Amino acid sequence: MPGSKVGNSLRLKGPTTNRIRRHERDGTILPGNFAPTALTPTPPPPPARPPRSLGDFSTAPAAEIIEVTANHFSQSDKEKHKPRRAMRDFLGHLATFPGATWQERWEASGHDEGRPVGDVAGDDRHQQKG
């Protein structure tokens with residue numbers, strides 16, 4: 001290079017790139033920040049009210065289903081009127097469809113094929129929320 005004091009060397013002076021490896025990795029993992037770590041999650045706690053079968057209500061009268069769902073799904077006695085009203089309205093809707101069991105009426109209503117249950121309420125936004 002002109003003006004270089006290196007002599008006859010063809011080596012260029014300047015910064016090196018990250019392509020140069022001066023040492024090969026020997027495969028050992030150093031302790032500390034370089035050690036692999038894995039988090040093992042703890043299992044979730046069991047639910048306070050585990051899901052359970054409430055029995056066979058396929059041919060039960062609507063009043064019995066309404067009472068069981070109100071007792072099972074209500075958080076307090078003061079709030080039992082909400083699931084009672086919702087279940088009464090929905091079972092009244094299902095009763096308009098043919099079938100010997102509630103499952104047959106559910107299938108006849110089209111809800112098993114993706115029709116949203118909230119559609120039963122029509123334009124009533126309060127009932128659509130359930």
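Predicted model: local features only at pLDDT ≥ 70, side-chain atom pairs only at ≥ 80, totals over all residues.

Biologist: How many salt bridges are found in the whole structure?

Modeller: Three. A salt bridge here is a side-chain nitrogen of Lys or Arg within 4 Å of a carboxyl oxygen of Asp or Glu.

Biologist: What does Glu 67 form a salt bridge with?

Modeller: Arg 84, with the closest N and O atoms 3.0 Å apart. Glu 67 lies in helix 1 and Arg 84 in helix 2, so the pair ties together parts 17 residues apart in sequence. Helices are DSSP runs (H or I, at least four residues), numbered from the N terminus.

Biologist: And Asp 77, which residue does it pair with?

Modeller: Lys 80, at 3.4 Å between the closest N and O atoms. Asp 77 is exposed, at 63% relative accessible area, whereas Lys 80 counts as buried at 16%. Buried means under 20%, exposed over 50%, partly exposed in between (1.4 Å probe, protein chains only).

Biologist: New topic. Which residues make up the largest nonpolar core?

Modeller: Seven: Ala 60, Ile 65, Ile 66, Phe 90, Leu 91, Leu 94 and Trp 102. Such a core is a set of buried Ala, Val, Leu, Ile, Met, Phe, Trp, Tyr and Cys residues joined through side-chain atoms within 4.5 Å.

Biologist: Which helix gives the most to this core?

Modeller: Helix 2, with three residues.

Technical notes: Residues numbered from 1 in each chain as written. Heavy atoms only, no water. Helix = DSSP H or I, 4+ residues; strand = E, 2+ residues; numbered from the N terminus.
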